[in-house]
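Look through the sequence and the 3D view before reading on.

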Amino acid sequence: MDYKQSSMVDIAFDYMKSLSGPVSFFDLWNKVAELKGYNEEERDQNQSLFYTGLILDGRMITTGENMWDLRLRRKFEEVHIDMNDIYNDDDEVEEEEVDDSVDEDSYDDDEN
């Protein structure tokens, strides 16, 4: 594989296939940067781009505490997000933020 021409995320995916389990983001980034031949300045410039790429790429997932693994090695229940839970959490927060007391004196019915 020509690492210089490959994307950082593709390199990470290929590297992770050779591992048997999760890897820390920093170890993964260091390996990708090494294979790409990045100097210190290039490492600094590309680290956040790499992190964003990992998040957006569907082949890899975070397993918590900044550890990453291949999605295919994880059970559905570990990687599935039930959107109903998220919407229910949002509804609860909105209900807590609503102020039921309305100061009717603050409304001005007159149009100037």
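The points below cover a helix pair, a sheet and a salt bridge.

This is a predicted model, where local features need pLDDT of at least 70, side-chain atom pairs count only at pLDDT 80 or more, and totals for chains, interfaces and linings use all residues. Residues are numbered from 1 along each chain as its sequence is written, and side-chain values use heavy atoms, with hydrogens and water left out. Helices (H or I, at least four residues) and strands (E, at least two) are DSSP runs, numbered from the N terminus.

**The helix pair**

- Helix α1 spans residues 8–17, and helix α2 spans residues 25–36.
- Their axes come within 10 Å and cross at roughly 115°. Axes are lines fitted to C-alpha atoms, for helices over the stretch in contact, and angles run from 0 to 180 degrees between N-to-C directions.
- α1 and α2 are therefore roughly perpendicular to each other (65 to 115 degrees counts as roughly perpendicular).
- On the α1 side, M8, I11, A12, Y15 and M16 make the contact. They meet L28, W29, K31, V32, L35 and K36 in α2. Contact means heavy atoms within 4.5 Å.
- The residues of this contact divide into nine nonpolar, no polar and two charged. Ala, Val, Leu, Ile, Met, Phe, Trp, Tyr, Cys and Pro count as nonpolar; Asp, Glu, Lys and Arg count as charged; the others, Gly among them, count as polar.

**The sheet**

- Three strands form an open sheet in the order β1-β3-β2, with antiparallel pairing. Two strands pair if DSSP finds at least two bridges between them.
- β1 and β2 stand at the edges, each with a single partner strand, so one side of each has no neighbour in the sheet.
- Two bridges join β1 (residues 23–24) to β3 (residues 67–70). Here S24 stands opposite M67.
- Four bridges link β2 (residues 60–64) to β3. In β3, W68 stands opposite T62, and D69 stands opposite I61.
- β2 and β3 form a hairpin with two residues between them. E65 in the turn has a positive phi of about 50°.

**Salt bridges**

- The structure holds four salt bridges. A salt bridge is a side-chain nitrogen of Lys or Arg within 4 Å of a carboxyl oxygen of Asp or Glu.
- One of them joins the side chains of R59 and D10, at 2.8 Å from N to O.
- R59 lies in the loop between α3 (40–56) and β2, and D10 lies in helix α1, so the pair ties together parts that are 49 residues apart in sequence.

Key. Angles under 35 degrees count as roughly parallel, over 145 as roughly antiparallel, 65 to 115 as roughly perpendicular and the rest as oblique.
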